Amino acid sequence: MDKIQDEIIEEFSVFDDWLDKYDYLISLSDSLPAIAPEHRTEKYLIEGCQSRVWVDARMEEGKIFYSADSDAIITKGIIALLIRVLNGRTPQEVLDTDLYFIDAIGLSANLSPTRANGLAAMVKQMRLYALAFASKKE
């Protein structure tokens, strides 16, 4: 089992109402590792997101560390959760991680179709970074 994902599921389980979950998601946007201003450019922008989302990644000692930003506060909360789960893992771990917390907290069921597409695009971009880092290593 994945300790971080289980923690997230537990944090969200205290809220019965989706409005409360959204408020919590918005509060998580403050925990997002800041992206460098030079990475808030078209090159780092994720395609397929309704809001503007920038994601960058770097390798340190064989592990990936992400930073991101968004102009939409709920999206910032979502990317903060993804980073919390995937940060500090090896490229292979990022590729192999089943992000089961997304369904477990009801995120996919409660997002609008455009936000759900954006979520998929963010996950895809984070995995593409992992793929790129993995192929560089070989």
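Predicted model: local features only at pLDDT ≥ 70, side-chain atom pairs only at ≥ 80, totals over all residues.
Let me begin with the charged pairs. Side chains of opposite charge can pair when their charged atoms come close. In this model the count comes to 8 salt bridges, and I will take a few of them in turn.

One of them joins aspartate 2 to arginine 89, with the closest N and O atoms 2.5 Å apart. Aspartate 2 sits in the segment before helix H1, which covers 3–13, while arginine 89 belongs to the loop between H3 and H4, so this pair ties together parts that are 87 residues apart in sequence. As for how covered the two partners are, aspartate 2 has a relative accessibility of 11% and therefore counts as buried, and arginine 89, at 15%, counts as buried as well. If we leave aside the neighbours within four places in sequence, the contacts of arginine 89 include, besides Asp2, residues Gly62, Lys63 and Ile64, and also Val94 and Thr97.

A second pair brings together the side chains of lysine 3 and glutamate 7, at 3.2 Å from N to O. Both residues lie in helix H1, 4 residues apart, which is about one turn of the helix. Here lysine 3 is exposed, because its relative accessible area is 63%, whereas glutamate 7, at 32%, counts as partly exposed.

Lysine 76 is partly exposed at 23% relative accessibility, while aspartate 69, with a relative accessible area of 12%, is buried. Turning to bridges that share partners, we find Lys3, Glu7, Glu11 and Arg84 joined into one network.

Which residues form the negative surface patch? They are Asp16, Asp17, Asp20 and Asp23. Of these, aspartate 20 is located in helix H2, residues 18–28, and its relative accessibility of 35% makes it partly exposed.

Conventions:
Residues numbered from 1 in each chain as written. Heavy atoms only, no water. Patch = residues over 30% accessible without salt bridge, like charges linked within 9 Å, V, L, I, M, F, W, Y side chains within 5 Å. Areas by Shrake-Rupley, 256 points an atom, 1.4 Å probe, with all protein chains shown as cover. Salt bridge = Lys/Arg side-chain N within 4 Å of Asp/Glu carboxyl O. Lys, Arg positive; Asp, Glu negative; His and termini not counted. Charge placed at Lys NZ, Arg CZ, Asp CG, Glu CD. Helix = DSSP H or I, 4+ residues; strand = E, 2+ residues; numbered from the N terminus. Buried < 20%, exposed > 50% of the residue type's maximum accessible area, 1.4 Å probe, protein only. Contact = heavy atoms within 4.5 Å.
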